[in-house]
Amino acid sequence: MKMKTCFITFAFGAIFALPLTGFTAEPIQVIEPVKQINLALAELGKKLYFDPRLSQSGWISCNSCHNLSMGGTDNLKTSIGHKWAQGPINAPTVLNSSLNLAQFWDGRAKDLKEQAGGPIANPGEMAFTHELAVSTLENIPGYVIEFRQVFGDKEINIDKVTDAIAEFEKTLVTPNSRFDRWLLGDKNALTSEELSGYELFKTSGCTACHNGPAAGGASFQKMGVVEPYQTKSGAEGLSAVTGKDADRFKFKVPTLRNIELSYPYFHDGEAATLKEAVDIMGRLQLGKKYTDQENASIVAFLKTLTGDQPAFTLPMLPPSTDATPRPKPFE
Ligand code: HEC
Ligand code: HEC
């Protein structure tokens, strides 16, 4: 142990020696700000993220359901898509989604790039086709110029569109929450109630599933371990992807980062408040019934996980011209 401390001090300088020697591994780690980003690609992706012309109605953008002014969600039980269709499942946040082991509640997209093609062509969401989305962009001169600048050639295709959106999404991390400041050694960053909530969160076993920098997103777990979860939703979870009966009702463990902002909760959106979500988690996943005070302390801890929200100038979208295909909201 002593040797290791010496080595670390030697290798990284004295400044790191103190935190490392007094280090007890916490199950939730600090969220790092993004480092490697292709800025031009992310800027293009930001425009596409906000552009409703990627939908058939010309009215629905990624931001309609993953509103970056509302924690990257729509705050609805289940999303509303093309022609006011109510979707089957709750929209997870896009914040910190780059930290997920896979995308969607059942993990059916392996990464953000693969995910981003889905909603454009989903009849219940943006209801477009990839071909029509590309042809719309090809008929917006500002995009033609920007795609050429970013990719170095003049072809626009769905691969480039999803590349750009995914690059923008990588920037949507939320560092610097009060909990992160506490992790980094600021002992005054949390109140005693929040700290006791965190202790209870750990000792109860919540961290068996909600761990890592995102406090989730790292595994698929059964909803209803101790007691079954009652729901009207038809979502099957991971078994829809693997075809294995043992994976029925396993969902990707959601991140608890910014959880205060991303209500309502669970894949069916049926838990309206954090109090309710914590109560259900305690009983169904761990067989624990919390007192009001215990529940309140866990909720207080969860609210310390709200980090710096993405902040940027709203992108100006290049205007359509006479040649750009028109929106078809009612078809
Ligand atoms: C009509 C609403 C709607 C629109 C529009 C929409 N999404 Fe989603 N999004 C959802 C819903 C609902 C889910 C969850 C679906 C599921 O898991 O089966 C989801 C899932 C995701 C996820 C996975 C997050 C996770 O933790 O698994 C990402 C990332 C995402 N969307 C990004 C986008 C992007 C990028 C766009 C624009 C190209 C977009 N969404 C457009 C509703 C929408
Ligand atoms: C066995 C794994 C497991 C344990 C233990 C567990 N969770 Fe969860 N948690 C999940 C899964 C899976 C979901 C998603 C369930 C769903 O939507 O059907 C979830 C969802 C949540 C949500 C809602 C997130 C959202 O965005 O909808 C909250 C809040 C939450 N858990 C808090 C807790 C707390 C607090 C504890 C401890 C009392 C806990 N969890 C214990 C696996 C677990």
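Me: What makes 39-170 and 178-303 domain 1 and domain 2?
Reply: In this predicted model, the bounds come from an automatic or database domain assignment, which gives domain 1 (39-170) and domain 2 (178-303). Residues are numbered from 1 along each chain as its sequence is written, and ligands are numbered from 1 in the order in which they are written. Local features need pLDDT of at least 70, side-chain atom pairs count only at pLDDT 80 or more, and totals for chains, interfaces and linings use all residues.

Me: How do you know which residues of domain 1 are in contact with domain 2, and how many are there?
Reply: Two residues are in contact if their C-beta atoms, placed from the backbone, lie within 7 Å, and by that rule 22 residues of domain 1 are in contact with 28 residues of domain 2.

Me: Why are Leu48, Ala133 and Ile165 said to belong to a nonpolar core?
Reply: A nonpolar core is a set of buried Ala, Val, Leu, Ile, Met, Phe, Trp, Tyr and Cys residues joined through C-beta atoms within 7 Å, where buried means that 20 or more other C-beta atoms lie within 10 Å of a residue's own. Leu48, Ala133 and Ile165 are among the 25 residues of the largest such core, and they touch the most other members, while α8 gives the most to this core, with five residues.

Me: What makes a residue part of the surroundings of ligand 2?
Reply: A residue counts as near if its C-beta atom, placed from the backbone, lies within 6 Å of the molecule; 26 residues surround ligand 2, the closest being Cys206, Cys209, Tyr265, Phe266 and Met281.

Key: A residue is buried if 20 or more other C-beta atoms lie within 10 Å of its own, exposed if 12 or fewer, and partly exposed in between; C-beta atoms are placed from the backbone. Helices (H or I, at least four residues) and strands (E, at least two) are DSSP runs, numbered from the N terminus.
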